Amino acid sequence: MYVIAILGNFTILFIVKSEQSLHVPMYYFLCMLAISYLVLCMSTLPKMLSIFWFKSREIDFSACLTQMFFIHCVSVIESGTFVAMGFDRYVAICHPLRHSIILTNPLVAKIGLAIVLRGSIVILPFSLLARQWPYCRTNVIPQSYCGHMAVVKLACADISVNSYYGLFVLFCVLGLDAIFIAMTYVQILRVIFSLPTNDARFKAFGTCGSHLFVILAFYIPGLIFSLMYRFAQNVPLHFQVLFPNVYLFIPPMLNPIIYGFLYIVPTHWRPKLDTELQLRPNQHQSKCPYHIQ
């Protein structure tokens, strides 16, 4: 999984950088996603491999908090990147003639910077709050990396503020992102189902299917994982070890596979779809109106 995630995401970065035709907003956001996964893998998997291979099960407290910050920060950045990718697909399908006018390179750069700053600012209190608690109980974390709730549960103090703030991030940050993505794809699906031929619908689904699959692979395990440590009682230890690993490492491994085979390779689909949408502006005027400036 480590090799596939590292080589696959580096390959995405190399292909996008080398291929001039891929220098468009969707692939810029895909590069952001690949970089996020590389940061996530490099901050967690080497230590995990040392645990399983060399029985090196100790980690310095500061290193643990640093790892915690990167894990959760990357999750928020990943969620924000999915929102940006969904917005790009919405503009490309619902407003194809205005795509290059709306999503300019300066705007894409500002969106990327805002995503990174939001993730850093929102997640920084996790490490700051965890550092201030006294730890006098067992120092064994029931998983192979430093997750927020797994660490603070070892504290000899009332950690309600950590739990409440974690729920705030889960529902008010990641939850709002998921709602926005859902609203975006409702509009996209309305346009897709209004296309006249099955071939056109298939091409449209081809541009969005990989995105939706990666989104589901991120949000569904993430929601289960976040709620498990707060509300589930007597969760088997092997499940506490296995499921967080699935949540953390399956998306980085699937990202290059899904986008490589279903999105980067068939790049000839999207121009054909955009051309078909541009040739029939009146038919979609009521669904997704656009105007030539």
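**View 1. Helices H2 and H5 cross in a right-handed sense.** This view comes from a predicted model. Helix H2 covers residues 25-54 and helix H5 covers residues 105-132. Their axes lie 10 Å apart and form an angle of about 25 degrees. Angles under 35 degrees count as roughly parallel, and H2 and H5 are therefore roughly parallel to each other.

**View 2. Residues that join H2 to H5.** From H2, the contact uses Pro25, Tyr28, Phe29 and Met32. From H5, it uses Asn105, Val108, Ile111, Gly112, Ile115 and Val116. Sorted by class, the residues of this contact are eight nonpolar and two polar, with no charged residue.

**View 3. Helices H3 and H7 pack at roughly 20 degrees.** Helix H3 is made of residues 61-94, and helix H7 of residues 160-193. The two axes come within 9 Å. The crossing angle makes H3 roughly parallel to H7. Where H3 passes H7, the crossing is left-handed.

**View 4. Residues that join H3 to H7.** On the H3 side are Ser75, Val76, Ser79, Gly80, Phe82, Val83, Gly86, Phe87, Arg89, Tyr90, Ile93 and Cys94. They meet Val169, Val173, Leu174, Asp177, Phe180, Ile181, Thr184, Tyr185, Gln187, Ile188 and Val191 of H7. The contact of H3 with H7 contains 15 nonpolar, six polar and two charged residues.

Methods: Residues are numbered from 1 along each chain as its sequence is written. This is a predicted model: local features need pLDDT of at least 70, side-chain atom pairs count only at pLDDT 80 or more; totals for chains, interfaces and linings use all residues. Side-chain values use heavy atoms; hydrogens and water are left out. Axes are lines fitted to C-alpha atoms, for helices over the stretch in contact, and angles run from 0 to 180 degrees between N-to-C directions. Helices (H or I, at least four residues) and strands (E, at least two) are DSSP runs, numbered from the N terminus. Angles under 35 degrees count as roughly parallel, over 145 as roughly antiparallel, 65 to 115 as roughly perpendicular and the rest as oblique. A crossing is left-handed if the near helix is turned anticlockwise from the far one by less than a right angle, and right-handed if clockwise. Contact means heavy atoms within 4.5 Å. Ala, Val, Leu, Ile, Met, Phe, Trp, Tyr, Cys and Pro count as nonpolar, Asp, Glu, Lys and Arg as charged, and the others, Gly among them, as polar.
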